Every structure is written in structure tokens, then in C-alpha cells.
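Please go through the notes below with the model open beside you.

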Amino acid sequence: MKRAKMRLLLLNFEYPPLGGGASYQTKLLARQFAAAGHDVVILTSHGKGLPLYEYINGVHIYRVWAFRRHISRSSIVQMLAFVKMAFFPAILLHKARKFDAVLCFFLLPNGILAWMLKKFLKIPYIISLRGGDVPSATPEEIRWLHRLLKPVSRMVAKNADAIFAVSDDLAEIARKDFPGLPIPIGAINNAVEAPLPLPISRPEITTYLFVGRLTPQKNLHKLLTAFSSIKTSFVLH
């Protein structure tokens, strides 16, 4: 039996070339959904030199103006501007395509937009927690903002139809930060795209690469502890 095609709206204020890991994951998942035969629409922020609309690998990409000036970062004002500027385009897209569900990357700010779409248009939404949107997983200097926005965060989480974190550890932290939700917080680990079959070699010295910010949230100290137990020769960059 042929599987029914879903109509999906993916929300993220950043999408390649803008943003970081969550941006690329949005692109990767959108492409996989489209390859499986689903109708996929991305709604994201516009950046300098980028078209307002693109159709790539079966994915429709719509960009709205949100004062975005930098490729790698976005301010609170720019994030909130995306929520405001994307609301009416999202309504128009839904009227044209009748989305079955919204996949929302980050609890805030994108979750606010997903909650609004559910409230006014009855579209169910799924939250993908990325790390920076979970209070206890963020640097201490910005946790005041999470405390200020806690009522909004909890409202978005409480009304979600599903919530998943990108790792088991992040899911456990989120459960402590948002206790008593009507739905459990699960975990779906981040995926990477690699050529298949994977090249297998047996060099005398194995080289490893760590990629990430040097912040406590990346748990680099655990990586160093783990590598200290390796008995064979290696190089860690």
C-alpha cells in the first residue's frame, strides 16, 4: 500500500547559509522528507543576497525579512521579528497547502509561531529542542532571559503535540526544566550525512576531530576523560 503523503511546514529562523547546527539539521531533514515523497515547505529568515523563494531538492524555501545581518548569529530582536513577519506568510501558505503538521526547531522563538498557528488554524506542532532553548543547558549569563520567558516557554511546551531533544542528556535536562507536561519529552539523536559505504582504513595512528564551541554545554572535559583511556596511538584535534 502506498504511504499517504504528508504536507509539512518546517519552522526555523535560520536556514543554510544562515545559522549553525540546527540550521543544517533542518536542511537535512527537509531533504529526507521530500525524498520520501512528502510535501515540504521551509519558512525561515531572509539574509543578504538570498532569494525570497527557492525550490531545491524537492523542498520549497520561503524567506521573510527579519533584520538579519550576520550569517552565524541572530539577536533577540531579530528572532522576534521573524515570528512577527512570518505569521501571515504562514497563514497564506497553510491556506494554499493545508499543512498536516508543523515541525518547529527550537522551543523559542519558533515555538511561539507554531503555537499561534495551532491556536488560530488548528495545526498540530512538534518541537525539536536544540540546546540553547533549554534553560539549564545554556550559559549562566543568559539564563536570566529564560527565567523571564519561562511562562511563554512552558505555554509553548504544554501545547505541543510532541517534544523531542537531540540527545538523551538534553532530554533529561529538559524534563527537569519543564516538569509536569502532558506529554513526555523524548530524544531523537542528531544525524549526520556521510558517504556510503564508509571508507575503512587502518592507519598506525588514528586521527579524531572535535567540532564545537568551547563551552561547558559541549562537555569537552568528558571527551578528554574518555580519550585518556585509549591505549592505542591517536591524535585528537
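**Notes on the fold**

1. Start in β8, where Gly 186 is the bridge partner of Phe 164. Strands β7 and β8 pair in the parallel sense, over three bridges. Two strands count as paired if DSSP finds at least two bridges between them. Helices (H or I, at least four residues) and strands (E, at least two) are DSSP runs, numbered from the N terminus.

2. A word on the source: this is a predicted model, where local features need pLDDT of at least 70 and side-chain atom pairs count only at pLDDT 80 or more, while totals for chains, interfaces and linings use all residues. Residues are numbered from 1 along each chain as its sequence is written, and side-chain values use heavy atoms, with hydrogens and water left out.

3. Now the whole sheet. It is open and has eight strands, in the order β3-β4-β2-β1-β5-β6-β7-β8, with mixed pairing. β3 (53-56) and β8 (185-187) are the edge strands; each has a single partner, so one side of each is left without a neighbour in the sheet. On average, neighbouring strands are turned by 25 degrees against each other, direction ignored. Axes here are lines fitted to C-alpha atoms, for helices over the stretch in contact, and angles run from 0 to 180 degrees between N-to-C directions.

4. Compare two pairings. β3 and β4 (residues 59-64) run antiparallel and are joined by four bridges; Tyr 53 stands opposite Tyr 62 of β4. β6 and β7 run parallel, also with four bridges. There, Ile 127 faces Ile 163 in β7. Strands of a sheet pair through backbone hydrogen bonds, in either sense.

5. Helix α1 (residues 21-35) lies across β1 (7-11), β2 (39-45), β4 and β5 (101-105). It runs at about 160 degrees to β2. Contact means heavy atoms within 4.5 Å.

6. Look at Asn 12, in the loop between β1 and α1. Is Asn 12 buried or exposed? Asn 12 is buried, at a relative accessible area of 0%. The cut-offs are under 20% for buried, over 50% for exposed and partly exposed in between (1.4 Å probe, protein chains only). Residues that Asn 12 touches include Ala 22, Leu 43, Phe 82, Phe 105 and Asn 110, leaving aside those up to four places away in sequence. Its side chain also makes a polar contact of 2.9 Å with that of Thr 26. A polar contact is a pair of N or O atoms within 3.5 Å; within protein, one must be able to donate a hydrogen and the other to accept it, and residues adjacent in sequence count only if both atoms are side-chain atoms.

7. Leu 170, Ala 171, Ala 174 and Asp 177 are buried. Down the axis of α6, the buried residues fall within an arc of 120 degrees, so they line one face. The arc is that of the directions from the helix axis to the C-beta atoms. Their cover includes β6 (125-129), α5 (150-159), β7 (162-165) and β8. The face turned away carries the exposed Asp 168, Asp 169 and Lys 176.

8. Last, the largest nonpolar core, which has 59 residues. Such a core is a set of buried Ala, Val, Leu, Ile, Met, Phe, Trp, Tyr and Cys residues joined through side-chain atoms within 4.5 Å. Those with the most contacts inside it are Val 102, Leu 117, Ile 127, Leu 129 and Ile 163. Helix α2 (residues 76-97) gives the largest share, nine residues.
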